[in-house]
Amino acid sequence: SLGSPPLKVSGLEYVDASGIHHLPINTQRISLPHNFQEFNVWAGTTIFTSNHQISYKIEGVSSDWSAWQHDGKITFLQLPEGKYELKVRKYVIKGPYPELTLSIEVRPSWYNTVWAWLAYIALAWFLVQTVLRYNLKNLHKEEQRQAEQQQMQILKNRMLETELQNKNNELTLRTTALIKRNQAVQSLLEELEKQKEALGERYPNKLYIRMKTLMEETLNNQADWVL
């Protein structure tokens with residue numbers, strides 16, 4: 001006996017948003033986009049029989065064979081991204097079921113590919129570098145601003161110290177001048193007393209009292225000291 005006729009793929013196609021796409025029936029590895037909507041496989045033998053039934057299972061999705069299908073067509077609506085093996089067998093009355101295996105890969109979406117993740121990493125690195133540069137720039141600006149404020153405060157303190165020294169010098173001059181003036185008035189007052197004592201009645205009391213009063217008022221005046 002030559003055994004059962006081999007099981008072959010007679011058609012491959014998938015459907016996505018742009019329409020129907022046919023694949024060569026001798027494709028060794030079937031590659032599907034992540035957003036495919038429907039995937040169809042037609043399988044059978046080259047010999048027509050009235051009982052044309054097939055069964056299938058996808059390794060990694062189901063461990064059980066499907067019920068026997070009568071038209072030789074296998075349809076999947078969606079599969080997650082990944083690699084699968086589609087096993088198909090044909091019903092025969094005698095002998096082992098003819099079987100074939102198809103490798104299927106559902107490609108990841110563009111945003112989940114290695115290149116996309118490399119781009120994400122590069123973008124994240126760029127954002128981190130940008131934030132660090134921005135923060136460093138602001139930090140330098142803040143340090144520069146604080147240094148300028150500190151320099152301004154130093155200059156202001158020096159100006160205040162200079163002004164204070166000038167005020168001290170001015171106060172010293174005013175005080176010295178006031179003391180010398182009072183000493184001079186005191187000397188004049190003492191000289192007035194001597195002249196009055198020497199001249200006696202020849203120095204009119206009216207003039208003596210007036211001069212003495214003016215000198216004593218000058219000595220007792222607190223306005224200059226308050227100033």
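**Helix contacts and salt bridges**

Me: What does Glu193 count as, buried or partly exposed?

Reply: Glu193 counts as partly exposed, because its relative accessibility is 31%. Keep in mind that this is a predicted model.

Me: Which side chain does Glu193 meet in a salt bridge?

Reply: That of Lys212, at 3.3 Å from N to O. The pair links distant parts of the chain, 19 residues apart, with Glu193 in helix 1 and Lys212 in helix 2. Lys212 is partly exposed as well, at 25% relative accessible area.

Me: OK, the helices then. At what angle do helix 1 and helix 2 pack?

Reply: About 160°, and their axes are 10 Å apart. Angles over 145 degrees count as roughly antiparallel, so that is how helix 1 and helix 2 lie to each other.

Me: Which residues of helix 1 make the contact?

Reply: Among them are Arg181, Val185, Leu189 and Glu193, while helix 2 brings residues including Tyr208, Met211 and Lys212. The contact residues divide into eight nonpolar, four polar and five charged.

Me: Back to salt bridges. How many does the structure hold?

Reply: Six. One of them joins Glu142 and Arg145, at 2.5 Å from N to O.

Me: Where do Glu142 and Arg145 sit?

Reply: Both are in helix 1, and because they are three residues apart, about one helical turn separates them.

Me: And what about Lys87, buried or exposed?

Reply: Lys87 is buried, with a relative accessible area of 18%. Its salt bridge partner is Glu85, at 4.0 Å from N to O. Glu85 counts as partly exposed, at 35%.

Conventions:
Residues numbered from 1 in each chain as written. Predicted model: local features only at pLDDT ≥ 70, side-chain atom pairs only at ≥ 80, totals over all residues. Heavy atoms only, no water. Axes fitted to C-alpha atoms, helices over the stretch in contact; angles between N-to-C directions. Helix = DSSP H or I, 4+ residues; strand = E, 2+ residues; numbered from the N terminus. Parallel < 35°, antiparallel > 145°, perpendicular 65-115°, else oblique. Contact = heavy atoms within 4.5 Å. Nonpolar A, V, L, I, M, F, W, Y, C, P; charged D, E, K, R; others polar. Buried < 20%, exposed > 50% of the residue type's maximum accessible area, 1.4 Å probe, protein only.
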